[in-house]
Amino acid sequence: MKSFIVFVLFVAAAVAVPVYDASADKAASVVRFDLNNIGVNGYDFAYETSDGKVASEVAELKNAGLENEGLEVRGFFSYPGVDGKIYRVDYVANDKGFQPSAAHLPA
């Protein structure tokens, strides 16, 4: 659980840091950040930056109290590409590893 709290703190710190947008030659700012984490059974967060990046993630505790207890995380992130298209990656991370899916990723 301690490592989970540390992870969430790192995510919050990473989101709070201004993001550099080379195409606009200016620093992006966080325009929305939501976090729901009381330290038990999972968490969720979402954010959006002024340069069009968006992310959302929900984690749920699976197999509570058992030897194989762990978090299952589902989420997505999207960003505008240099070609003007919005790219979105959906993912699941669980005991089977990180599993991203997106139209622009190889199958």
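The chat below walks through a predicted model of a single chain.

Trainee: Where do I start, and what is the chain built from?

Mentor: Bear in mind that this is a predicted model, and then begin with the secondary structure, which consists of one helix and eight strands. Followed along the sequence, these elements come in the order α-β-β-β-β-β-β-β-β.

Trainee: And how much of the chain is buried?

Mentor: Of its 107 residues, 25% count as buried. The chain exposes about 7,300 Å², and carbon and sulfur atoms supply 59% of that area.

Trainee: What about contacts between residues that are at least 6 apart in sequence, how many of those join residues at least 24 apart?

Mentor: For the contacts you describe, the share that joins residues at least 24 apart is 20%.

Trainee: Switching to charges, how many salt bridges are there?

Mentor: A search of the whole structure gives six salt bridges. As background, side chains of opposite charge can pair when their charged atoms come close. One of the pairs here is aspartate 51 with lysine 53, where the closest N and O atoms lie 2.5 Å apart.

Trainee: Is aspartate 51 in that pair buried or exposed?

Mentor: Aspartate 51 counts as buried, because its relative accessibility is 13% and the cut-off for buried is under 20%.

Trainee: Which residue does arginine 88 pair with?

Mentor: Arginine 88 forms a salt bridge with aspartate 90, with 2.9 Å between the closest N and O atoms. Arginine 88 is partly exposed at 41% relative accessible area, and aspartate 90 is partly exposed as well, at 29%.

Trainee: And what does glutamate 60 meet?

Mentor: The side chain of glutamate 60 meets that of lysine 62 in a salt bridge, at 3.7 Å from N to O. Glutamate 60 counts as partly exposed with 43% relative accessibility, while lysine 62, at 31%, is also put in the partly exposed class.

Trainee: Which residues are linked in a network of salt bridges?

Mentor: That network of salt bridges links Arg32, Asp34 and Glu48.

Trainee: Changing topic again, which residues form the nonpolar patch on the surface?

Mentor: The patch is formed by Val30, Phe33 and Leu35, which together have about 220 Å² of accessible area. Phenylalanine 33 belongs to strand E3, which covers residues 30-36.

Trainee: Why does phenylalanine 33 count as partly exposed?

Mentor: Its relative accessibility is 34%, so phenylalanine 33 counts as partly exposed, a class that lies between the cut-offs of 20% and 50%.

Technical notes. Residues are numbered from 1 along each chain as its sequence is written. This is a predicted model: local features need pLDDT of at least 70, side-chain atom pairs count only at pLDDT 80 or more; totals for chains, interfaces and linings use all residues. Side-chain values use heavy atoms; hydrogens and water are left out. Patches are made of residues with over 30% relative accessible area and no salt bridge: like charges are joined within 9 Å, nonpolar side chains (Val, Leu, Ile, Met, Phe, Trp, Tyr) within 5 Å. Accessible areas come from the Shrake-Rupley method with a 1.4 Å probe; for residues, only the protein chains shown count as cover. A salt bridge is a side-chain nitrogen of Lys or Arg within 4 Å of a carboxyl oxygen of Asp or Glu. Helices (H or I, at least four residues) and strands (E, at least two) are DSSP runs, numbered from the N terminus. Buried means under 20% relative accessible area, exposed over 50%, partly exposed in between (1.4 Å probe, protein chains only). Contact means heavy atoms within 4.5 Å.
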